[in-house]
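User: Please go through this model with me, one point at a time. I would like each answer to end on the value or name I ask for.

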Amino acid sequence: MVIQAMDEVRNQLWTFAVFDKDNEEKSDDLVTSADYAAQQIYMTMIQKNNPNAWIVAEEDGVRTSPQWWSSIVYTIDPVDWTKALVRKQSDGIWTLFWVVDSIQNEIIAAYVGDIMTNELYYYEEWWIVWRTAWWWSGNDQRLQYSLRNQKRILTLDDIRNFPERSNRITKPRWYRNSLWVSNWSIGTNMAKLWKCEVDAVLLKSGLEQPRDWVPCAWISHQLWYTTIAIESDGSHRVVPMNQSWSLDALRVPYQLIIHKHELADVLSLLDSVALEKK
């Protein structure tokens, strides 16, 4: 299903129509016919197997009415980073889909797909995360953390805009070799972390859309990543990546995502910065 949605977006790459999106928060928000077509593929296939499915989808704010006995929620973001699609960008365009049991408060499955490369990262059960693509021969690849000492960090904003404590970790005492600034989809940034191309991701504060963040967070959790939330005043706390899900946007602080293997060292560094300021 996810692969079919990605195929449909690529099939429309040179023919899709572009429309202004009704969004009070973003005056320049766009949607394309490819977004709608991919979303329809998801919905058709879900409803074929479960006609009474509880579906929450991005385009047109779709929220089907759940049956009183239904606890399974299907959440769809057919195209993340639509502006990149409109520019016909060669990367940074993703689709995100996740399934949650609202009673057990558990993510049953999460899928994060790179539309342009057709790579799919997914978690379904048994704490295993897989990576696959149609052009691979053989079995899907099981993703596992690989310790590296290159200390590369990926940030979604100019590092000077972050609180002082998070700034300090990008200096020679910790992430020494390189600092990448990214404006891509959250899927692009998290996939670089999962593949160990970077050692940490530093996210800026702001409004967090669960349809994008939840599947990335739960896949990261299966790979033993965790989050250090850094407030604007410099205080920090560890936040598990499998925290309660939500269908509503949440305002979040700055977030440093690292592997649990490095958690103690990073917390020690952040604490030392706090002592230096006293």
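Analyst: Buried means under 20% relative accessible area, exposed over 50%, and partly exposed in between, with a 1.4 Å probe and protein chains only. This is a predicted model, in which local features need pLDDT of at least 70 and side-chain atom pairs count only at pLDDT 80 or more, while totals for chains, interfaces and linings use all residues. Residues are numbered from 1 along each chain as its sequence is written, and side-chain values use heavy atoms, with hydrogens and water left out.

User: Is Gln39 buried or exposed?
Analyst: Gln39 lies in helix α2 (residues 33-49); helices (H or I, at least four residues) and strands (E, at least two) are DSSP runs, numbered from the N terminus. Beyond residues up to four places away in sequence, Gln39 touches Ala57, Glu58, Glu59, Val62 and Pro78, a contact being heavy atoms within 4.5 Å. Its relative accessibility is 5%, so Gln39 counts as buried.

User: Is Asp20 buried or exposed?
Analyst: Asp20 is found in strand β1 (residues 18-20). Leaving aside neighbours within four places in sequence, Asp20 is in contact with Asp29 and Leu30. Its relative accessible area is 70%, so Asp20 is exposed.

User: What distance separates the C-alpha atoms of Asp20 and Val31?
Analyst: Asp20 belongs to strand β1. Val31 is eleven residues from Asp20 along the chain, and their C-alpha atoms are separated by 6.3 Å.

User: How are α1 and α2 oriented, roughly parallel or roughly antiparallel?
Analyst: Helix α1 (residues 2-11) packs on α2 with axes 9 Å apart and an angle of about 160°. Axes are lines fitted to C-alpha atoms, for helices over the stretch in contact, and angles run from 0 to 180 degrees between N-to-C directions. Angles under 35 degrees count as roughly parallel, over 145 as roughly antiparallel, 65 to 115 as roughly perpendicular and the rest as oblique. The angle therefore makes α1 and α2 roughly antiparallel.

User: How many residues in the contact of α1 with α2 are nonpolar?
Analyst: Val2, Gln4, Ala5, Glu8 and Val9 of α1 meet Ala34, Ala37, Ala38, Ile41, Tyr42 and Met45 of α2. Ala, Val, Leu, Ile, Met, Phe, Trp, Tyr, Cys and Pro count as nonpolar, Asp, Glu, Lys and Arg as charged, and the others, Gly among them, as polar. One residue of this contact is polar and one is charged, and the nonpolar ones number nine.

User: How many of the nine residues of α5 are buried?
Analyst: The buried residues of α5 include Lys192 and Asn189 as well as Ile186 and Trp194. The helix is largely enclosed by the rest of the structure, because its buried residues number nine of nine.

User: At what angle do α5 and α6 pack?
Analyst: The axes of α5 and α6 are 10 Å apart, and the angle is about 5°. That angle makes α5 roughly parallel to α6. Ile186, Gly187, Met190 and Trp194 of α5 make the contact with Asp212, Trp213, Cys216, Ile219 and Ser220 of α6. The packing angle is thus about 5°.
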